[in-house]
Amino acid sequence: EKWWPDMEGLFDEYIPAVTALAVSTYSNSERMPPAISPEEKARFRDCLELMNPATVELGIHGYNHLPLALEGQASFAEFDGSDGWLTQSDMETGLRYFRGYMESVLPDTPYYSYVPPMNRMSPEGKAALHSVFDDIDNLAGLYSGVVHGVLLQETGRDPDIEGLWALPRFSSGYSQTREDELYIYNHLAAEGVFSHFIHPDDPMD
C-alpha cells in the first residue's frame, strides 16, 4: 500500500525498464509436494495484482527462497533444517506448481528474467528452471562474490544452457557511496548494460 506506489513514482521519473521478481513462499522447504498456506496465497495474489504488465516486466525469484542447487552444491547455512534440494525433479515440481499458480492470477504473462535466491544456483538448477520456464532467457546472478555456490557471471551467453544469457547485477540496495558510483560507472562503460536490485525490506536489514 505504501512502498509500491512510491516505487512506481520513481519508475515513471527515473527508471526506463523495471522487472518485478515473484516468489510464492518463504517456507524454504525442499520437501515435495509444494505446500503454501492460504495466508501466503492471499498475500501473493495481492502483490501480483499490483503489477501492471504494460509497465512492469514480471520475472521469477523462485517457488520458495531456497537456492536451486542440490546438497553439497551451495551453502545452505542460512536455512535451518535444509541442506539443499534432494533431486532436480523436486526443483521442477516446485517450479511447476509455482508457474501454475502465477498463471491462475496473471494468465498469458511472459517471463524473461530469473534472479537466484541468495544469488546461488547450480547447473542442475538451471536445467530445472529451463524445463519449466523455457521462456526465461536471462539469469541475473552476480559479477563478484565468495559464498559457495554463488552464480558468478560475465555478461554474455550462459555456459550451461543454450539460449540463456547471463546478465549479472552490478549493484543493490538503497544507499550509494562514491565507491558504489565508481563501481556502477565502470561496469556501465565496460559492459554497455546495467542493472540494480532492491528488496522492499532492505532499509530494515
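User: How far apart are the end C-alpha atoms of helix 2?

Analyst: Helix 2 covers residues 38-50, which is 13 residues. The expected span is 1.5 Å times one less than the number of residues, so helix 2 should span 18 Å. This agrees with the distance between its end C-alpha atoms, 19 Å.

User: Which element is included in what covers the buried residues of helix 1?

Analyst: In helix 1, W4, M7 and F11 are the buried residues. They lie on the same side of the helix, because their arc around the axis is only 60°. D6, D12 and E13 are exposed on the other side of helix 1. The cover over the buried residues includes helix 2.

User: In which part of the protein chain is confidence highest?

Analyst: The pLDDT, which is the predictor's confidence in each residue from 0 to 100, averages 86 over the protein chain, and 98% of the residues score at least 70. Where pLDDT is low, the predicted coordinates should not be read in detail. The mean is lowest, at 82, in helix 1 (residues 3-14). Confidence is highest, at 96, in helix 4.

User: How many salt bridges does a search of the whole structure find?

Analyst: A salt bridge is a side-chain nitrogen of Lys or Arg within 4 Å of a carboxyl oxygen of Asp or Glu. One of them pairs E92 with R96 at 4.0 Å, N to O. Both residues lie in helix 3 (residues 88-105), 4 residues apart, about one turn of the helix. For the whole structure the search gives 9.

User: How many residues apart in sequence are the parts that D135 and R99 tie together?

Analyst: D135 is partly exposed at 26% relative accessibility, whereas R99 is buried at 14%. The closest N and O atoms of their salt bridge are 2.9 Å apart. D135 lies in the loop between helix 4 (123-132) and strand 4 (138-139) and R99 in helix 3, so the separation in sequence of the parts they tie together is 36 residues.

User: Which residues do salt bridges that share partners join into one network?

Analyst: The pair of E181 and R178 sits within helix 5 (residues 178-191), with the two 3 residues apart. Salt bridges that share partners make one network, and its members are R99, E103 and D135.

User: Is E181 buried or exposed?

Analyst: E181 meets R178 in a salt bridge of 2.7 Å, N to O. R178 is exposed at 69% relative accessible area. E181 has 16% relative accessibility and therefore counts as buried.

User: Which side chain makes a polar contact with the side chain of H65?

Analyst: H65 is located in the loop between strand 2 and helix 3 and counts as buried at 12% relative accessibility. Leaving aside neighbours within four places in sequence, H65 is in contact with residues including V23, Y26, F79 and M118. A polar contact is a pair of N or O atoms within 3.5 Å; within protein, one must be able to donate a hydrogen and the other to accept it, and residues adjacent in sequence count only if both atoms are side-chain atoms. At 3.3 Å, the partner of H65 is H61.

Technical notes:
Residues are numbered from 1 along each chain as its sequence is written. This is a predicted model: local features need pLDDT of at least 70, side-chain atom pairs count only at pLDDT 80 or more; totals for chains, interfaces and linings use all residues. Side-chain values use heavy atoms; hydrogens and water are left out. Buried means under 20% relative accessible area, exposed over 50%, partly exposed in between (1.4 Å probe, protein chains only). Contact means heavy atoms within 4.5 Å. The arc is that of the directions from the helix axis to the C-beta atoms.
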